[in-house]
Amino acid sequence: MPAREAARDAAARGARTRAFGGLVHLLERLDGRRDGLLTVLMYHRVARPEDRPDLDPALISATPTEFERQMAYLAERCPVLSLEDLLAVRRGQRGLPAGAVMVTFDDAYCDFADSAWPVLRRHGLPVTLFVPTALPDHPERAFWWDRLHQALEHGDRGVAVDTPAGRLSLASPRERARAGRLLRDWVRGAPHDAALAMVDSLCRRLEAPPPAPAVLGWDELRRLAAEDVALAPHSRTHPLLNRLPLERAQEEVLGSVRDLEREIGRAAPAFAFPGGGHSEALVRWLPEAGIQVAFTVVRGGNDLRSANWTALRRVNVGRRSTVPLLRAQLLSWRSRPRGTHVHQGAR
């Protein structure tokens, strides 16, 4: 196990101890909550790895059991805002309650409807779902990380392959995991078209079956919209927008807005940068496209008295997260103003 993964596992085990819970409780008592602070939680999938072994388990934010615990805590202890609430704050039509939280989901995976939304609805919690609008009802399209995972885990295992990240063996689970890490890092740093061409080539060479459809269809999305899930654009094809020419990145945003307007009848004036990839030019341009608020994956909270409304930070909730760890992310020091950060992209 690489040192980075071992450190994360050790930290996750520590976050489950009674001592850590006691420390968080003490910090909460000392925390001077200030007005104007917002924490935006970012989820992707709510599932168990064995539910869909063809999909990359790294995108699992919580198991259904842990997600239930987290949402129960938020419902009892935090003012949870809808997107419409946040837009009202943006327009100066309402104030922001102390300790405000938003719940967001990226990518519109099917398990949002099956596992996440029933929990949110039961607790009366609003949610915003960011949709990559070229994927619904197109089973031949899949996220590159899921295709890569499927190729490495379910393609021809008894080989070594030449890749831009080097010659990689796939003979054992450890070697396949290492290959996946190296290739994902290479994709995130490569020009968009070259990165996707590499994934296409590798999938062909390993003769891997494509993942089964994993994104909600338009009928399901319309049902969720009718049940008050806020649907917002997340680009059309989920590229790292800072890896595209500006005009092409703008078309990804505008196309996603148009798709939602055509299929749902409306598109919320909000946007989440796919993988967090954004540039200063794109952030400045978004209001011209009618986008009033946009979200990055830069980690932390937001002091809305000084924040850039089209580059708000979020807290990525990962599978190792616990309720005490989530509570620690809500402490007010995480929302102190920081300098501008142009994110280079992640999933």
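In helix H6, the residues Trp144, Trp145, Asp146, Leu148, His149, Gln150, Ala151 and Leu152 are buried, where buried means under 20% relative accessible area, exposed means over 50%, and partly exposed lies in between, with a 1.4 Å probe and protein chains only. H6 spans residues 144-154 and is mostly covered, with 8 of its 11 residues buried; helices are DSSP runs of H or I with at least four residues, strands are runs of E with at least two, and both are numbered from the N terminus. The cover over the buried residues of H6 includes helix H7 (173-189) and helix H8 (192-206).

Before going further, note that this is a predicted model, in which local features need pLDDT of at least 70 and side-chain atom pairs count only at pLDDT 80 or more, while totals for chains, interfaces and linings use all residues. Residues are numbered from 1 along each chain as its sequence is written, and side-chain values use heavy atoms, with hydrogens and water left out.

Turning to the sheet, 6 of the 7 residues of strand E11 (residues 293-299) are buried, so E11 is largely enclosed by the rest of the structure. Strand E10 (residues 270-272) pairs with E11 in the parallel sense over 3 bridges, pairing being assigned if DSSP finds at least two bridges between two strands, and Ala272 has Phe295 of E11 as its bridge partner. With helix H11 (residues 280-285), E10 and E11 make a right-handed β-α-β unit; right-handed here means that, with the strands pointing away from the viewer, the path from the first strand over the helix to the second runs clockwise. E11 also runs parallel to strand E13 (residues 312-316), to which 2 bridges join it, and the bridge partner of Arg299 in E13 is Arg314.

Helix H10 (residues 246-264) contains Gln250, which counts as buried because its relative accessibility is 16%. Not counting residues up to four places away in sequence, Gln250 touches Leu282 and Trp285, contact meaning heavy atoms within 4.5 Å.

Which residues have the most contacts inside the largest nonpolar core? They are Phe67, Leu74, Phe105, Phe112, Leu120 and Leu129, in a core of 65 residues, a nonpolar core being a set of buried Ala, Val, Leu, Ile, Met, Phe, Trp, Tyr and Cys residues joined through side-chain atoms within 4.5 Å. A second, separate core of 20 residues includes Val40, Ala272, Val293 and Phe295, and Ala272 and Phe295 are the bridge partners already met.

Pro79 lies in the loop between helix H3 (64-77) and strand E4 (80-81), and at 28% relative accessibility Pro79 counts as partly exposed. Leaving aside neighbours within four places in sequence, Pro79 is in contact with Pro97, Ala98, Gly99, Ala100 and Val101, while the C-alpha atoms of Pro79 and Leu96, 17 residues apart along the chain, are separated by 9.3 Å.

Finally, the protein averages a pLDDT of 89, and 86% of the residues score at least 70, pLDDT being the predictor's confidence in each residue, from 0 to 100. Over residues 6-11 pLDDT stays under 50, and the model has 4 contacts beyond four places in sequence for them; over residues 337-346 pLDDT also stays under 50, with 31 such contacts. Where pLDDT is low, the predicted coordinates should not be read in detail.
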